[in-house]
Amino acid sequence: MSDQLILGTRKGTLILDRTAEGWKPRPIAHAGMSVSYAARDPRDGTLWAAMDHAHWGPKLSRSKDGGATWEHLSQLAYPAGARFIEQHMPMPDDDPSVETPNTYKDATLLKVWMLTFAGPPGTIYAGTLPGGLFVSHDGGDSWELNRPLWNHPSRGGDLFAGNATSRNEWGGTPAAVAYGEFVPGIHSIVVDPRDAKHMYIAVSCAGVAETHDGGQTWSPCNRGMTNDYLPDPNVEWGHDPHFVTLCAGAPDHLWQQNHSGVFYSDDGAKSWRKVSNKDVAVDFGFPIAAHDTDGKTAWVVPAGGDSSRMSVEGGIFVARTTDGGESWQTFRKGLPQEHAYDIVYRHALDQRAGRVCLGTTTGNVYISEDAGESWTCVGNNFPPVHSVRFA
Amino acid sequence: MAHVSFTRHLVQFFPKLAAGEVPGATVRELVSELNRRHPGLGGYITDETGRLRRHVNIFVGDEPIGDRIALSDKLAPDAKVFILQALSGG
């Protein structure tokens with residue numbers, strides 16, 4: 001059970017404490033600055049915020065005193081020679097019969113999308129736009145790009161060494177367009193609690209990849225995934241996971257909220273199966289949260305389809321499955337059911353021992369103390385919420 | 001030496017930052033010296049490739065620098081340099 005929440009918002013980092021009078025926000029930290037992700041490293045208590053500065057470039061900020069003071073860090077950066085194959089948003093007048101030659105661009109950090117604290121003390125992973133996975137082994141003082149993933153054949157091969165030797169199969173994410181590029185992004189980094197060398201990452205728009213050797217080699221694991229926007233729904237790459245997580249107590253159970261529905265794996269992502277149920281509006285959405293110990297239990301916050309991307313019919317609800325997606329229960333008690341046009345971003349739902357919290361881009365934050373069945377509003381006037389994490 | 005002034009927004013990240021004289025024959029050399037004096041500051045002004053960040057401006061006198069890629073603009077000994085956030089930012 002956690003009595004503290006950390007929110008990354010459009011206008012700063014918010015820490016909320018559970019008190020006898022309910023959840024109380026502290027004065028905002030990083031006031032006025034956009035924070036794409038904020039979380040606490042459970043191993044040493046360090047608080048982290050991924051700063052999404054509009055002017056100054058993405059940076060990290062950390063607090064080793066529980067949020068009293070923050071230290072600004074600039075070390076996370078792409079190394080010289082890191083390049084990617086440029087992609088362009090499809091345009092109506094594109095001629096698909098014309099093969100355009102590859103053009104290359106030097107990678108610069110556009111956004112730190114997610115941080116994961118796992119493995120030996122001091123090891124931290126960062127997922128970024130334009131599709132780089134970074135690792136620090138010294139508590140964030142220095143970072144290095146994971147080159148095997150950056151140089152993967154699915155991305156054209158080792159572009160440090162020369163031009164592409166294979167076809168790029170990683171697509172750009174619309175989430176990158178605001179940064180002036182159409183590039184992939186790593187938004188999910190999941191480390192197997194049984195074996196820190198076994199990790200999954202999820203990429204918009206490519207799919208899920210896995211390593212068993214601490215990041216030296218990577219393989220796609222998208223078998224069973226389907227999509228509804230490509231002629232071949234069963235491609236190896238080209239999927240659009242919105243968020244991927246696993247059950248810490250049953251790590252072969254993975255959950256994926258995808259652009260094309262909710263997917264579940266009970267065999268360590270060797271295969272996925274679609275467990276959406278449109279009859280109860282469980283299909284499209286961004287976040288998904290897994291239970292701590294029960295591999296068959298997860299929560300989603302469904303949204304209208306990709307053409308609307310807001311609450312379904314003006315009401316926010318949370319859906320929970322306790323049987324591996326065979327069935328879904330929907331819960332609305334305490335959540336607005338009229339004139340609600342909120343959307344919950346991919347990192348803005350979290351669960352810890354039956355406490356569930358969600359934050360919306362409309363600045364509304366709700367907490368459930370009964371595994372998602374009823375909800376209490378914590379506030380309605382927060383900045384747009386990018387991430388919610390129990391401390 | 002050029003006289004450099006900064007937007008106050010940078011002071012929240014680098015509290016010791018203050019207007020003053022900084023050596024450099026070009027804007028690049030000046031930014032490099034600033035980064036030496038204030039480790040990390042260079043990464044707020046330029047990206048990893050050394051380009052001026054999209055929403056940052058450097059003026060020499062009243063004119064924005066011409067070379068945002070390599071910052072090769074030359075600086076006269078009495079140049080006045082302003083490092084500002086661009087109005088284009090979010």
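Strands here are DSSP runs of E, at least two residues long, numbered from the N terminus. In this predicted model, A:V365 belongs to one such run, strand β28 of chain A, which covers residues 365-368. A:V365 has 25 C-beta neighbours inside 10 Å and therefore counts as buried; the cut-off for burial is 20 or more. Beyond four places in sequence, the contacts of A:V365 are A:C357, A:G359, A:V378, A:G379, A:F382 and A:V385. A:D65 lies 300 residues away from A:V365 along the chain. The C-alpha atoms of these two residues are separated by 25 Å.

The predictor assigns the complex an ipTM of 0.92 and a pTM of 0.95. For chain B, the average pLDDT is 94. A score of at least 70 is reached by 97% of the chain B residues.

Chain A contains an open sheet of 4 strands. Their order is β4-β5-β6-β7, and the pairing is antiparallel. From one strand to the next, the twist averages 20°. The edges are taken by β4 (35-40) and β7 (71-73) of chain A. Each has a single partner strand, so one side of each is left without a neighbour in the sheet. For β4(A), pairing with strand β5 (residues 47-53) of chain A is antiparallel and involves 5 bridges. Within this pair, A:V35 has A:M51 of β5(A) as its bridge partner.

A further set of antiparallel pairings involves β11, β12 and β13 of chain A. Strand β11 (residues 124-129) of chain A pairs with strand β12 (residues 133-136) of chain A over 4 bridges. The two strands form a hairpin, with 3 residues between them. In the turn, A:G131 has a positive phi of about 90°. On the other strand pair, β12(A) meets strand β13 (residues 144-145) of chain A over 2 bridges, again in the antiparallel sense.

Strand β14 (residues 185-191) of chain A is mostly covered, with 7 of its 7 residues buried. An antiparallel arrangement joins β14(A) to strand β15 (residues 199-204) of chain A through 6 bridges. One of the bridge pairs sets A:I189 against A:I201 in β15(A).

In soluble globular proteins, nonpolar side chains tend to be buried together. The largest nonpolar core of the model has 109 residues. Within this core, A:L115 and A:I201 have the most contacts. With residues up to four places away in sequence left out, A:I201 touches A:G127, A:L133, A:I186, A:S188, A:I189 and A:A209. Another core, of 20 residues, lies apart from the largest one. Its members include B:F6, B:L30, B:Y44 and B:I45.

The two chains meet in a contact that takes 12 residues from chain A and 14 residues from chain B. On the side of chain B that touches chain A, 7 residues are polar, 4 are charged and 3 are nonpolar.

Technical notes: Residues numbered from 1 in each chain as written. Chains lettered and ligands numbered in written order. Predicted model: local features only at pLDDT ≥ 70, side-chain atom pairs only at ≥ 80, totals over all residues. Pairing = 2+ DSSP bridges. Contact = placed C-beta atoms within 7 Å. Nonpolar A, V, L, I, M, F, W, Y, C, P; charged D, E, K, R; others polar. Axes fitted to C-alpha atoms, helices over the stretch in contact; angles between N-to-C directions. Core = buried A, V, L, I, M, F, W, Y, C linked by C-beta atoms within 7 Å. Buried ≥ 20, exposed ≤ 12 C-beta atoms within 10 Å, placed from the backbone. pLDDT = per-residue confidence, 0-100.
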